[in-house]
Amino acid sequence: RVLNERGDLLPPTLEGLLAWSRLFWNKGTFCNYVSYVKLGCEIKGLPVDVFAHPSMARAKEAIRKRRLVMPRQPTWIGHDVLEQLIPKVIEHPELRELMMVFLASYAFLLRVPSECLTMAAHSAPVGMEVPVFFVRGNEAVLQLPFRKNRLFPSEIVRACWCNKCALTCPVHVFGDFMRALPAGSRPFSHLHPGQAVLALRELLCELDIEFAMLHRLHDFRRGHAEDLRRSGSSDGVIKEAGDWTSAAFADYVDKRKMERDRVAAAHSGSLQLNVPSDSEGESCD
């Protein structure tokens with residue numbers, strides 16, 4: 001539309017790609033979209049030389065330098081805040097399902113939109129591949145048909161941690177909630193991620209949590225990873241808890257506090273952390 005071009009627009013012209021680049025705020029997003037167009041050309045058997053032109057690299061760098069989007073400040077929702085959120089069900093019984101989403105996201109380090117809101121109780125509905133939760137003995141089990149970084153099924157198991165915090169136990173709080181539901185039911189499917197974020201921020205404001213309006217649903221996953229780090233858990237324990245296959249979990253912990261703790265440990269010879277954890281390495285503080 002900008003270049004007033006007609007007909008088949010593949011392959012694109014260099015002028016067209018450069019004009020298109022000015023519509024983007026994020027360099028990574030532009031790179032992804034250009035890759036899709038290049039793939040379309042390859043599928044149609046068209047030349048792709050234009051994508052390797054030096055001006056394309058300069059256009060991508062220009063997007064970065066314009067700094068139209070600043071990285072958001074990372075935030076965490078740890079167990080201490082979760083303990084304050086759960087009792088809010090007494091004041092807001094209509095938010096019970098949402099509170100269970102918060103608890104599940106923290107306990108299992110889940111991505112809320114794709115792994116919490118799609119969850120089913122006991123068994124998956126016919127013809128659907130969704131996360132399935134069930135209680136096995138004194139364990140809470142979540143089976144996922146796939147995850148963002150895995151294309152094959154995985155299973156996350158959490159033991160009872162009532163001896164540390166009965167208010168947030170994945171077996172006797174979240175487990176009891178799900179156990180009362182019929183097989184195949186999906187109690188959170190009616191929740192919209194955007195509405196859940198707004199509700200979370202309103203609740204955090206009620207609790208006078210710092211930077212309440214900056215928090216996101218992903219902060220429960222980040223918060224549990226940080227709690228595990230503060231409890232002294234090894235990198236391997238954190239990776240296993242969040243089902244990470246690489247060192248990507250490092251992006252979830254508070255790096256400033258991690259470096260500060262390491263410096264303190266280097267000078268003191270040992271690092272004392274008074275954060276209790278259960279036998280499975282799950283933090284309850």
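Start with the second largest pocket: helix α1 (residues 14-21) gives the largest share of its lining, four residues. This is a predicted model, where local features need pLDDT of at least 70, side-chain atom pairs count only at pLDDT 80 or more, and totals for chains, interfaces and linings use all residues. Residues are numbered from 1 along each chain as its sequence is written, and side-chain values use heavy atoms, without hydrogens and water.

Helices are DSSP runs of H or I, at least four residues, numbered from the N terminus. A pocket is an open set of points on a 1 Å grid over the protein atoms alone, where a 1.4 Å probe fits, with protein on both sides within 12 Å along at least five of seven lines; lining residues have an atom within 4 Å of a point.

The volume here is about 400 Å³, the space filled by probe spheres set on the points. Of 15 lining residues, Arg1, Leu3, Leu9, Gly16 and Trp20 are the closest to the centre. The lining splits into 10 nonpolar, three polar and two charged residues.

Next, α6, residues 96-108. Just after α6, Leu109 takes a positive phi of about 50 degrees.

Last, Ser231. Its place is the loop between α11 (219-230) and α12 (235-242). Ser231 is buried, at 16% relative accessible area. A polar atom of its side chain lies 2.7 Å from the backbone oxygen of Leu228.

Terms used: Helices (H or I, at least four residues) and strands (E, at least two) are DSSP runs, numbered from the N terminus. Buried means under 20% relative accessible area, exposed over 50%, partly exposed in between (1.4 Å probe, protein chains only). A polar contact is a pair of N or O atoms within 3.5 Å; within protein, one must be able to donate a hydrogen and the other to accept it, and residues adjacent in sequence count only if both atoms are side-chain atoms. Ala, Val, Leu, Ile, Met, Phe, Trp, Tyr, Cys and Pro count as nonpolar, Asp, Glu, Lys and Arg as charged, and the others, Gly among them, as polar.
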